[in-house]
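Dear colleague,

Please find below the structure that I am handing over to you, together with its sequence. My notes on what was found in it follow.

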Amino acid sequence: MKISKKLAVFMAALAGVFMLTACADSADQAGGGAGGAGGDKIRIALDWTPNTNHTGLYVAINKGYFKDAGLDVEVLPYNDSNPDLMVDAGQAEFGVSFQDTATITMAAGADVRSVLAVQQTWSTEVSVLADRDEIKSPADLDGLTYGGFANPSEEATMRGVIQAAGGKGDIETVTLGTSAYEALYNGDVDFTVPFVAWEGIEAADRGVELKNFAYTDYGFPDCYNVIILGNGTWLEKNPEQAKKFVQALQRGYQDSVDDPDAAAQILHEENSDLLTDVDFLKRSQRMLAEKYMLDEGGKFGRQTEEHWAELGTFLGEQGLLVDANNKPLTEDPDWSTYFTNEYLAD
């Protein structure tokens, strides 16, 4: 994949990144599905193997929403290529990403823009074993070991949450990728950050009791934990196709909110070789639909400048936002350029 020079810095920062996602298993990658034949071709790059972060995409495919819009949608399965960089390089028109990492990418000059928020709030939480009675809040994590994922913002986020809770943010980080969860269960690390609607359910099913701390309970900025990025140049040149794609995708995700069990069944059917536990998928999708996918007004997909600014400002204060020349940003960017609601249905 040809990467633009402006992203060389970001590429280096993400070397070896194991993207933190809700599906943390080591199964083989699932193949991409098609949203219709003979229409305008649009590619969307996944951030990991299919999981309930992607349910709405597979619902839209299964129900023919893309096909009805005259679109031929190809799902590019995860293959160690960062979706942000693939979208920036024109290797995909859209990609699944996260607000924190996308903010860093866009600050470095990536030609990407968030077009839809899949989740309105953090769906990861700080987790410790429930029997750690001495850990009553994130402030008590000072001096302990964090099992991490090599995400460029995660250590700063952990320090920030601890400091927001009244601690110093003095932690040791060991990079383990998805092995961090097993390390937590075995007591090899003190805390990590599971997706509560995936690893959280898995832990409970295994009889592992966890104690979780939500970041925002301590005043830490909120995050659109999962977003859909579009290539900026492509969006400008193809506004009608962009609107059709985003609204079909929005419709699929809305279905997954309105009827999570049926949507989880579709996710299974579209990925039956990989996702075999339908009951697990239903529980995961119900949790996401109930707690994470709608804004305060009960709407799906919309984003606000305030939401982008709060987390973005924190990342800038931590020195994580650098421009294309690897120089720290000296002032906040125009956060309104990082996202758009213009392609969403009312």
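I begin with Thr192, which touches Glu125, Val126, Ser127, Tyr146, Gly147, Phe149, Ala180, Tyr181 and Leu184, residues up to four places away in sequence being left out; contact here means heavy atoms within 4.5 Å. Please note that this is a predicted model, in which local features need pLDDT of at least 70 and side-chain atom pairs count only at pLDDT 80 or more, while totals for chains, interfaces and linings use all residues. Residues are numbered from 1 along each chain as its sequence is written, and side-chain values use heavy atoms, with hydrogens and water left out.

Thr192 is placed in the loop between helix H7 (179–186) and helix H8 (199–205). Helices (H or I, at least four residues) and strands (E, at least two) are DSSP runs, numbered from the N terminus. With a relative accessible area of 0%, Thr192 is buried; the term buried stands for under 20% relative accessible area, exposed for over 50% and partly exposed for what lies in between, with a 1.4 Å probe and protein chains only. A polar atom of the Thr192 side chain lies 2.7 Å from the backbone oxygen of Gly147.

Gln119 counts as buried because its relative accessibility is 1%. Its side chain makes a polar contact with the side chain of Ser123 at 2.5 Å. A polar contact is a pair of N or O atoms within 3.5 Å; within protein, one must be able to donate a hydrogen and the other to accept it, and residues adjacent in sequence count only if both atoms are side-chain atoms. Leaving aside neighbours within four places in sequence, Gln119 is in contact with Asn53, Phe195, Tyr224, Asn225, Val226, Leu288, Tyr292 and Met293. Gln119 and Phe300 are 181 residues apart along the chain, and their C-alpha atoms are separated by 8.3 Å.

The sheet comes next. Five strands form an open sheet in the order S2-S1-S3-S9-S4, with mixed pairing; two strands pair if DSSP finds at least two bridges between them. S2 and S4 are the edge strands, each pairing on one side only. On average, neighbouring strands of this sheet are turned by 30° against each other, direction ignored. Strand S1 (residues 40–45) and S2 run parallel and are joined by six bridges, with Ala45 standing opposite Leu76 in S2. S4 and strand S9 (residues 227–231) run antiparallel and are joined by five bridges; here Ser114 stands opposite Leu229 in S9. Strand S2 (residues 71–76) is mostly covered, five of its six residues being buried.

Helix H2 (residues 55–62) meets two other helices. The axes of H2 and H10 come within 7 Å and cross at roughly 110°. Axes are lines fitted to C-alpha atoms, for helices over the stretch in contact, and angles run from 0 to 180 degrees between N-to-C directions. H2 and H10 are therefore roughly perpendicular to each other, a class that covers 65 to 115 degrees, whereas angles under 35 count as roughly parallel, over 145 as roughly antiparallel and the rest as oblique. In this contact, Thr55, Gly56, Leu57, Val59 and Ala60 of H2 meet Ala248, Leu249, Gly252, Tyr253, Asp255 and Ser256 of H10.

The axes of H2 and helix H11 (residues 260–270) come within 9 Å and cross at roughly 75°, and these two helices are therefore also roughly perpendicular to each other. Thr55, Tyr58, Val59, Ile61 and Asn62 in H2 meet Ala263, Ala264, Ile266, Leu267, Glu269 and Glu270 in H11.

Ser256 lies in helix H10 (residues 239–258) and counts as buried because its relative accessibility is 0%. Its side chain reaches the backbone oxygen of Tyr253 at 2.6 Å. Not counting residues up to four places away in sequence, Ser256 touches Thr55, Gly56, Ala263, Gln285, Ala289 and Met293.

Finally, helix H6 (residues 154–164) has Glu154, Ala156, Thr157, Met158, Gly160, Val161 and Ile162 buried. Their cover includes S5, strand S6 (145–148) and helix H13 (305–317).

With kind regards
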